[in-house]
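Q: Let us go through the labels on this model one by one. For each, I want the value and the cut-off behind it.

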Amino acid sequence: MQFKQVVISIAVMMVPGVAVASGFALNTQSGSGLGNAYAGGTAGADDASTIFFNPAGMARLHGKQLALAGTLIGVSTQFADTGSASATGGRALGSVSDGGRKWAAIPVGYFVTEIRPKLHFGIGINAPFASTTEYRADWIGRYQAIKSSIATINVNPSMSYQLSDAFSVGVGLDYQQIKASLTNATILVPGVPAFDGLATLDGSNAAWGYNFGGLMQLDEGARVGLSYRSAVQHQLTGTAYIASALSVPGTTNVYIPITADIKTPDTLSVGYFNALDDKWDVMADLARTGWSSFKELRVVQASTGATISLSPKNWRNTWRVALGVNHHYDEKWTARAGLAYDQSPVPEAYRDARMPDSDRAWLSLGGQYKLDKKSTVDLGYAHLFVRNRVISRNSGGVNVASTALYAQVSGNFDTTADVLSVQYSYGF
């Protein structure tokens with residue numbers, strides 16, 4: 001067994017994607033915004049979650065405010081084979097399996113306090129990037145991917161200042177921790193197909209970024225916001241582990257320290273919010289995400305600095321557009337609805353089982369109930385319609401295409417996603 005071949009096969013994609021947002025982003029940063037498909041988030045500034053969407057919006061809040069939200073994300077990925085081929089020397093093709101419906105819970109929290117009438121401080125804790133894909137261990141593409149996951153925790157202290165009656169600004173720092181893990185099957189001994197090995201790669205890191213924004217009141221009911229969130233450069237450090245099949249002579253466990261650079265993208269957003277009257281609000285958002293910085297994934301052996309794997313990605317920048325509406329039935333009840341369209345950064349030529357990503361559309365509904373003058377509860381639901389995508393791939397990294405090593409995975413991926421969120425806000 002050659003270590004380099006094994007690492008090449010598991011380093012196809014360090015950061016797998018799920019259909020909640022483009023690439024491996026996670027656009028579920030509040031419960032109040034979900035009902036509008038996060039339209040108007042840059043300009044809405046109705047609760048403490050504005051720390052993430054636009055820190056300048058804290059200037060609209062009074063006293064102290066706490067917002068806590070929990071989100072459930074369910075994703076189902078179905079794979080239909082259209083002519084895959086086994087790896088030479090590997091076990092026969094497994095079932096035409098699917099990823100099943102996987103559920104994940106994502107908590108977020110925000111706190112804002114008014115230091116002086118024009119000066120606010122806030123802190124947010126959330127997960128801007130997270131995703132998981134998982135297939136059965138005997139599926140057709142197991143030599144390319146079995147399980148892939150990424151998780152981040154972002155701590156975001158922020159300040160805002162009211163420059164005038166019409167204009168406020170805000171700025172924040174982002175301390176971001178990231179952890180990634182992936183597995184796939186390996187051919188331990190060519191010509192001995194009775195057993196697969198299992199290759200696992202784990203890495204983690206912490207780094208800093210920043211965000212800033214501005215909010216302008218156009219008239220009594222209308223406002224426009226602009227927000228920028230920086231890229232964060234990570235150097236993952238971890239271990240590549242290849243588990244042997246003890247019953248196969250000549251195979252042993254292998255542990256190798258590795259590093260890999262990955263840069264989360266920057267995002268520029270502009271939003272509009274308009275309270276047309278005491279019953280209706282309309283809102284819109286346009287966001288650009290700079291995925292084009294993700295050109296390649298290079299895995300390096302930590303002890304020598306030698307490149308073990310170099311896998312081209314060539315992702316492209318994406319746009320997300322969202323429209324939303326609120327209807328205030330009375331002083332306590334508000335209904336929300338929203339639509340959004342989110343582009344995928346993954347070119348068709350680079351799509352694989354770890355990242356079967358595609359464009360998606362959002363349909364969102366939600367509502368808010370005011371428990372009293374200080375407390376509100378928001379509920380939101382979104383269904384994501386993901387465009388079907390085709391892959392035909394036998395590549396395992398370093399631009400190596402080899403059906404003998406990685407099998408030929410040819411077929412269609414069909415993904416759907418559902419998002420449920422609840423948020424409690426308290427002002428004091």
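Q: Why does Tyr 38 count as buried?
A: Tyr 38 has 5% relative accessibility. Buried means under 20% relative accessible area, exposed over 50%, partly exposed in between (1.4 Å probe, protein chains only). Therefore Tyr 38 counts as buried.

Q: What should I know about the model itself?
A: It is a predicted model: local features need pLDDT of at least 70, side-chain atom pairs count only at pLDDT 80 or more, and totals for chains, interfaces and linings use all residues. Residues are numbered from 1 along each chain as its sequence is written, and side-chain values use heavy atoms, with hydrogens and water left out.

Q: What makes the phi of Tyr 38 worth noting?
A: Phi of Tyr 38 is near 60°, a positive value in a residue other than glycine. Most residues other than glycine have a negative phi. Tyr 38 sits in the loop between α1 (3-10) and α2 (41-44).

Q: Where is Asn 314, and why does Asn 314 count as partly exposed?
A: The loop between β14 (307-312) and β15 (318-328) holds Asn 314. Its relative accessibility is 34%, so it counts as partly exposed. Asn 314 also has a positive phi, near 55°.

Q: How many helices and strands does the chain have?
A: Four helices and 22 strands. Both are DSSP runs, numbered from the N terminus: helices are H or I, at least four residues, and strands are E, at least two.

Q: What share of the chain is buried?
A: Of its 428 residues, 56% count as buried.

Q: How many salt bridges does the whole structure have?
A: The search finds eight. Each is a side-chain nitrogen of Lys or Arg within 4 Å of a carboxyl oxygen of Asp or Glu.

Q: What makes Asp 174 and Arg 229 a salt bridge?
A: Their side chains meet at 2.6 Å, N to O. Asp 174 is in strand β6 (residues 167-187) and Arg 229 in strand β8 (residues 222-229), so the strands (DSSP runs) are linked across 55 residues. Both residues are buried.

Q: How do you know that Asp 352 and Arg 393 form a salt bridge?
A: The N to O value is 4.0 Å. Asp 352 lies in the loop between β16 (333-342) and β17 (360-370), and Arg 393 in strand β19 (residues 389-393), so the pair ties together parts 41 residues apart in sequence. Asp 352 is buried, with a relative accessible area of 2%. Arg 393 is buried too, at 9%.

Q: Which residue forms a salt bridge with Asp 359?
A: Arg 387, with the closest N and O atoms 3.7 Å apart. Asp 359 is in the loop between β16 and β17, and Arg 387 in the loop between β18 (375-386) and β19, 28 residues apart. Asp 359 has a relative accessible area of 17%, so it is buried.

Q: Which residues lie nearest the centre of the largest pocket?
A: Asp 46, His 328, Gln 368, Lys 370 and Thr 376, out of 35 lining residues. A pocket is an open set of points on a 1 Å grid over the protein atoms alone, where a 1.4 Å probe fits, with protein on both sides within 12 Å along at least five of seven lines; lining residues have an atom within 4 Å of a point.

Q: Which strands supply at least two residues of that lining?
A: β1 (64-81), β11 (267-275), β15, β16, β17, β18 and β22 (409-427) each do.
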